[in-house]
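Welcome! Take a moment to look over the sequence and the model, and then let us walk through some of its details together.

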Amino acid sequence: MRKFLFIFIALLFIASSSFALELPDKIQNWHAVNSKIVPLIASNQDLGQIVYKSYLRNNPRGNLEIILTQGKGTGELYIPENVRDSSELFNKSSGYEIINISGLSAILEKNENLPLALAVKVDNNITLTIETHALNESELINFAGDLLSNSIK
């Protein structure tokens, strides 16, 4: 009876987490060059993890930095329904845009002095962030869509 109860509780736990995201070692013509996982633990309680993964591309040369936060200790990405006009704060080539990628809400951040950044709300307490100087907006959005379709389990 205990074995049955343990299996039932394990299945219930697995069913309660709707998404799991695993970053592949290769996506399109990008390959991972390093990875770091930082577990979030407090008072002997697993609160999730932060995964840092760098990808390189040889032709044309470029790099991507990916940060994946997962778990109740990482918080939830807030995406407003719309972004207020920031033209007074930023030049015309900078700002924020709310977009949809593979049915998921995301924020695209553009600033000519910083890498292009995209934060995708994958699920409650799961956020995928991609930063790059190597891709333009449409390439970054397409990369994120491919990454998500190959990573969600």
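## E97 and its partner

E97 has a relative accessibility of 31%, so this residue counts as partly exposed. Its side chain meets that of K110 in a salt bridge, with N and O 3.3 Å apart. Because E97 lies in strand β5 and K110 in strand β6 (residues 104-110), the pair ties together parts that are 13 residues apart in sequence. Please keep in mind that this is a predicted model.

Is K110 buried or exposed? K110 has a relative accessibility of 19%, and because buried means under 20%, this lysine counts as buried.

## The strands around K110

Now for the strand that holds K110. Five of the seven residues of β6 are buried, so this strand is mostly covered. On one side, β6 runs antiparallel to β5, and seven bridges join the two. Within this pairing, E97 stands opposite L108 of β6. β5 and β6 form a hairpin, and two residues lie between them. In that turn, S102 has a positive phi of about 50°.

β6 is also joined to β7, by four bridges, and these two strands run antiparallel as well. Here A106 stands opposite V120 in β7. This pair of strands forms a hairpin too, with five residues between β6 and β7.

## Other salt bridges

How many salt bridges does the structure hold? There are four. One of them joins K121 and E76, whose closest N and O atoms are 2.7 Å apart. K121 is partly exposed, with a relative accessible area of 25%. E76 counts as partly exposed too, at 43% relative accessibility.

Another salt bridge brings together the side chains of K53 and D25, at 3.1 Å from N to O. This pair links distant parts of the chain, as K53 is in strand β3 (residues 45-57) and D25 is in the loop between α1 (2-16) and β1 (26-27), 28 residues apart. What is the relative accessible area of K53? The value is 7%, so K53 is buried. D25, in turn, counts as exposed, with 57% relative accessibility.

Conventions
Residues are numbered from 1 along each chain as its sequence is written. This is a predicted model: local features need pLDDT of at least 70, side-chain atom pairs count only at pLDDT 80 or more; totals for chains, interfaces and linings use all residues. Side-chain values use heavy atoms; hydrogens and water are left out. Buried means under 20% relative accessible area, exposed over 50%, partly exposed in between (1.4 Å probe, protein chains only). Two strands pair if DSSP finds at least two bridges between them.
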